[in-house]
Amino acid sequence: MTKRKSEKRFEQLGKIRDVIIPSLPSGRNGIRGHMAAVLYSCWAQARGADCKFDATNQQIADAAGIDRRSVIRIMGELERAGIVKTIKRGSGHRGSIRVITGQVFKEG
């Protein structure tokens, strides 16, 4: 029997909660909490089992409850660490197409 899309999505969330978030760096003014909020916001806006999303930095910021400049910095850190990968850069009012890779945080 194959898994339904909703089961796969909750498995993704479980991996984010149990594996990826604990691997995030701690310290520096609650950076782990902000990174976790950004990562959750990205997951919540993703569609399908491949975890692709096209939210703008402002949309991510609004959902995570932090400012846009912090999201830009955090997304850069998540990309360097291999947790998020940009597939196609956005332009104008369109967000970049990105994917949550499922990797743990690696200093990049």
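Q: Let's start with Asp-62: buried or exposed?
A: Asp-62 counts as exposed, because its relative accessibility is 55% and the cut-off for exposed is over 50%. Keep in mind that this is a predicted model.

Q: Where does Asp-62 sit?
A: Asp-62 is in helix 3.

Q: OK, on to the core. How many residues does the largest nonpolar core have?
A: The largest nonpolar core has 26 residues. Val-38, Phe-53, Met-75 and Leu-78 are the ones with the most contacts inside it.

Q: And which elements give two or more residues to this core?
A: Those would be helix 1 (5–23), helix 2 (31–45), helix 3 (57–64) and helix 4 (68–80). Helix 2 gives the most, with six residues. In soluble globular proteins, nonpolar side chains tend to be buried together.

Q: What is Met-75 in contact with, leaving aside neighbours within four places in sequence?
A: Met-75 is in contact with Val-38, Cys-42, Phe-53, Asn-57, Ile-60, Val-84 and Arg-98.

Q: Switching to aromatics. How many aromatic pairs does a search of the whole structure find?
A: Two aromatic pairs turn up. Tyr-40 and Trp-43 form a tilted one, at 5.8 Å centre to centre with 35° between the planes. Both residues lie in helix 2, three residues apart, which is about one turn of the helix.

Q: Which residues form one aromatic cluster?
A: Phe-10, Tyr-40 and Trp-43 form that cluster.

Q: And Trp-43, buried or exposed?
A: Trp-43 counts as buried, at 8% relative accessibility. Tyr-40, on the other hand, is partly exposed, with a relative accessible area of 46%.

Q: Backbone next. What is phi of Cys-51 near?
A: Phi of Cys-51 is near 65°, a positive value in a residue other than glycine. Most residues other than glycine have a negative phi. Cys-51 is found in the loop between helix 2 and strand 1 (52–53), and Cys-51 is buried, with a relative accessible area of 4%.

Q: Now pockets. How much space lies in the largest pocket?
A: About 160 Å³.

Q: Which residues line the largest pocket?
A: The lining is Asp-54, Lys-88, Arg-89, Gly-90, Ser-91, Arg-94, Gly-95, Ser-96 and Ile-97. By type, the lining residues divide into one nonpolar, four polar and four charged.

Q: Where is the place of Gly-90?
A: Gly-90 is in the loop between strand 2 (84–88) and strand 3 (97–100). Gly-90 is partly exposed, with a relative accessible area of 34%. Not counting residues up to four places away in sequence, Gly-90 touches Gly-95 and Ser-96, both of which also line the largest pocket.

Q: By how much are the C-alpha atoms of Gly-90 and Asp-18 separated?
A: By 30 Å, with the two residues 72 apart along the chain.

Q: Last one: what is Thr-86 in contact with, leaving aside its neighbours within four places in sequence?
A: Thr-86 is in contact with Glu-79, Ser-96, Ile-97 and Arg-98. Thr-86 lies in strand 2 and is buried, with a relative accessible area of 17%. The C-alpha atoms of Thr-86 and Arg-73 are separated by 14 Å, and these residues are 13 apart along the chain.

Definitions and conventions: Residues numbered from 1 in each chain as written. Predicted model: local features only at pLDDT ≥ 70, side-chain atom pairs only at ≥ 80, totals over all residues. Heavy atoms only, no water. 1 Å grid on protein atoms, 1.4 Å probe; cavity = no way out; pocket = protein on both sides within 12 Å on 5 of 7 lines; lining within 4 Å. Points joined across faces, edges and corners; volume = space filled by probe spheres on them. Nonpolar A, V, L, I, M, F, W, Y, C, P; charged D, E, K, R; others polar. Core = buried A, V, L, I, M, F, W, Y, C linked by side-chain atoms within 4.5 Å. Buried < 20%, exposed > 50% of the residue type's maximum accessible area, 1.4 Å probe, protein only. Helix = DSSP H or I, 4+ residues; strand = E, 2+ residues; numbered from the N terminus. Contact = heavy atoms within 4.5 Å. Phe/Tyr/Trp six-rings, centres within 6.5 Å; stacked < 30°, edge-to-face > 60°.
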